[in-house]
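Subject: Structure handover

Hello,

Here is the structure I promised to pass on. Please open it first, then read my notes below.

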Amino acid sequence: MSQTQSSVGATVAFIDLAGFSAIADVYGDAAAIDVLEIFESMVREALAGYEPPIKWIGDEAMLSFPEPELAIQALGTLLQACREEPRLPLTRSALNHGPVIRRAGDLFGSTVNIAARLLRLRPPVNCLRLNPLPTPLPPKASRCGISERWRCGR
């Protein structure tokens, strides 16, 4: 491994606007960008005090946290805020904890790939995760849609 990359443990989370393409199709690109700017602002605000998003992939953000508990706190705040914002469509999110490779400001590895795949499996609103999260989950977790019962394949 070169000096520009390192292997560490991290909780990787993705959050995505469900139906963003439909907004652009129905209301036009300018309206979709307005929605995206609201979402980006809310993500930045919810992550104040945490690491900024690793990257934006269209209307989706990839986030990284050193511990699952921090991811749950940040996502709890963000998902609740998104639900309360009438100008946003529903969101979907997923997270996974495990080893990642940090390289040039980005994250790589199966932990990232699994979190991204879980996002595609998740209906809007709730959060899907593969690896166990702290038990019991913090009270904020149940309010933001992170559930004890969701495991991959169920």
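Asp59 touches a set of residues well away from it in sequence. Leaving aside neighbours within four places, Asp59 is in contact with Ile15, Asp16, Leu17, Phe20, Leu36 and Phe39. Bear in mind that this is a predicted model. Asp59 sits in the loop between strand 2 (55-57) and strand 3. Asp59 is buried, yet it has no salt bridge. The nearest side chain of opposite charge belongs to Arg92, 6.7 Å away. A salt bridge needs the charged atoms within 4 Å.

Next, the nonpolar cores. The largest one has 26 residues. Ile15, Phe39, Leu63, Phe65, Leu78 and Leu88 touch the most other members. At least two residues each come from strand 1 (5-17), helix 1 (20-27), helix 2 (29-46), strand 3 (60-65) and helix 3 (68-84). Helix 2 gives the largest share, eight residues.

Setting aside neighbours within four places in sequence, Leu78 is in contact with Ile15, Met42, Val43 and Ala46.

Now the rings. How many aromatic pairs does the structure hold? There are two. In one, the rings of Phe39 and Trp56 have centres 5.8 Å apart and planes at 85°, so the pair is edge-to-face. This pair links distant parts of the chain, with Phe39 in helix 2 and Trp56 in strand 2, 17 residues apart. Phe39 is buried, at 0% relative accessible area. Trp56 counts as partly exposed, at 29%.

The other pair is Tyr50 and Phe65, also edge-to-face. Here the centres are 5.8 Å apart and the planes at 80°. Tyr50 is in the loop between helix 2 and strand 2, while Phe65 is in strand 3, 15 residues apart. Tyr50 is partly exposed, at 26% relative accessibility. Phe65 is buried, with a relative accessible area of 2%.

Ala104 has a positive phi of about 50°, although it is not a glycine. Its place is the loop between strand 4 (91-103) and strand 5 (106-108). Is Ala104 buried or exposed? Ala104 is exposed, because its relative accessible area is 72%.

Best wishes

Notes: Residues numbered from 1 in each chain as written. Predicted model: local features only at pLDDT ≥ 70, side-chain atom pairs only at ≥ 80, totals over all residues. Heavy atoms only, no water. Core = buried A, V, L, I, M, F, W, Y, C linked by side-chain atoms within 4.5 Å. Buried < 20%, exposed > 50% of the residue type's maximum accessible area, 1.4 Å probe, protein only. Helix = DSSP H or I, 4+ residues; strand = E, 2+ residues; numbered from the N terminus. Contact = heavy atoms within 4.5 Å. Lys, Arg positive; Asp, Glu negative; His and termini not counted. Phe/Tyr/Trp six-rings, centres within 6.5 Å; stacked < 30°, edge-to-face > 60°.
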